[in-house]
Amino acid sequence: MTAGLTDGVTWHPPSDDASPARVTRLFTASFGGDPAGVWSAPGRVNLIGEHVDYAGGVCLPFALPQRTWAAVRPRSDGQLRVVSGQLDEPWSGPADEVRPGHPAGWAAYLAGTAWALDAAGLLGRHAFGGVDVAVHSEVPVGAGLSSSAALECALGVALLDLFGGGAGQPGSPAREGLARAGVRAENEIALASTGGMDQAIAVHAEAGRCMRLDCHTFEVVQLPLRLSGVDAATGLTLVVVNTNAPHRLVDSEYADRRAAVERATALLGVPALGMLDSVEAAWAGLAEAGERDPVLRKRVRHVITESARARAAAELLAADRVAELGPLLDASHTSLRDDYALSCPELESAVEAAKLAGALGARLVGGGFGGSIIALVTSSTVPAVVTEVRAAAAKRGLTEPSFLIAEPSSAAGRW
Ligand code: ADP
Ligand code: MG
């Protein structure tokens, strides 16, 4: 659909039937025979409410049309064997030896999910006998679009179906357990920090909808998000620009922001920073507790204002006023850049160029320091935005960006 829109542009294509066939071929070439089935889970983008999930704030993620596919077959000898179409690093080992830091590398996300589901009792008593797994991802890896949760949840729904008596299907309560298992896999086995938003949207997403997730109460409300595809002459489009910038410092900076949130929460004696609505009152509370660090104040201001922006954006979506989201997206970017200090030249270049070309609003998404931005664009302006963003990167000598069109898509499930 996007081919030919702008010559030479790299588009991340949305899902089509080539991926299940491809992951099945990879499975057969790696393990012989056929998989028991193919499952998938989507990547995601967060419309707004960035870096507030671990602060108990509100975020508005929705699933991307790009998915991670897993071809899976049960075993009975307790072994896990995993291969990826994206990484030439297959891994195999006993399921009962999975522990923090083991396996190392990408296999931790898969082995950790199996481990956490089993630990939660969701794979049937004594029934989990191991699996062979081949994965193929359409979600760009490490671009802030949650390829990691897509990986966990694609395997997770397969395991729930195969070992949990079909519990991977939509509507099954075990899917909530899968979201928690994915978080445990990342935090405890892959030793990567994650707040829970990515797994929640992977299991709960609905096509055409954006999810309002209150990360303190875990209340979920599905809101309409009406967008047009790139071919539409009218309407609104959300363009994702993957800067392809190399990941820098993400883990240590993420840990630093989480620690700041935890410190402020403890000093203020509140259940969650993201539920507060007055920056001034929070700053006064910090001062009373003897804390006047200007950096900590900025972190607190981001969390409180970003949660407020997400609540306001949810109200606009509920009223079908998507076109009015622009200023909230812009303010989110400014807050992430100035108060949370997460931006970098590639993200600044993309946001600035998108706005210059007429985007209604644009902001960095995900962890920061690279990764992606989203831009809300009137559909007829998409080619101009794409052209301007590419030209700006080239002019500054930055890595060539790639693009995708974000249309709210469906949750993890069996293909
Ligand atoms: P994001 O989730 O935003 O893409 P993360 O750093 O959280 O970025 O997760 C990326 C990591 O997830 C990769 O470094 C790799 O370990 C793992 N991963 C994700 N998708 C795949 C895949 N298809 N094949 C192998 N590893 C993958
Ligand atoms: Mg991730």
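Guide: First, the residue classes: Ala, Val, Leu, Ile, Met, Phe, Trp, Tyr, Cys and Pro count as nonpolar, Asp, Glu, Lys and Arg as charged, and the others, Gly among them, as polar. This is a predicted model, in which local features need pLDDT of at least 70 and side-chain atom pairs pLDDT 80 or more, while totals for chains, interfaces and linings use all residues. Residues are numbered from 1 along each chain as written, chains are lettered from A and ligands numbered from 1 in written order, and side-chain values use heavy atoms, without hydrogens or water.

Visitor: What makes up the lining of the largest cavity, by class?

Guide: Six nonpolar, three polar and one charged residues. Glu346 is in that lining, and Glu counts as charged. Val241, Leu398 and Pro401 are also among the lining residues.

Visitor: Why is it called a cavity?

Guide: Because, on a 1 Å grid over the protein atoms alone, a 1.4 Å probe fits there but cannot get out; a lining residue has an atom within 4 Å of a grid point. The structure holds two cavities of 30 Å³ or more.

Visitor: What makes a pocket something else?

Guide: A pocket is an open set of points, with protein on both sides within 12 Å along at least five of seven lines. The second largest pocket has a volume of about 340 Å³. Its lining has 14 residues, and Glu176, Gly195, Gly196, Ala200 and Phe218 lie nearest its centre. Helix 4 (174-189) and helix 5 (197-204) each give two or more lining residues. The largest share, four residues, is from helix 4.

Visitor: How do you know that Ser84 makes a polar contact with ligand 1?

Guide: A polar contact is a pair of N or O atoms within 3.5 Å. A nitrogen atom of ligand 1 is 2.6 Å from an N or O atom in the Ser84 side chain, so the pair qualifies. Alone, ligand 1 exposes 560 Å², and the protein buries 81% of that (Shrake-Rupley method, 1.4 Å probe).

Visitor: Why are strand 5 and strand 13 called edges?

Guide: Six strands form an open, mixed sheet in the order 5-4-6-3-1-13. Strand 5 (91-94) and strand 13 (413-414) each have a single partner strand, so one side of each has no neighbour in the sheet.

Visitor: How do you know that strand 7 and strand 8 pair?

Guide: Pairing needs at least two DSSP bridges. Strand 7 (residues 209-214) and strand 8 (residues 220-224) have five, in the antiparallel sense, so they qualify. Arg212 has Val221 as its bridge partner. In their hairpin, with five residues between the strands, Phe218 takes a positive phi near 65°.

Conventions: Polar contact = N/O pair within 3.5 Å; in protein donor to acceptor, adjacent residues only side chain to side chain. Points joined across faces, edges and corners; volume = space filled by probe spheres on them.
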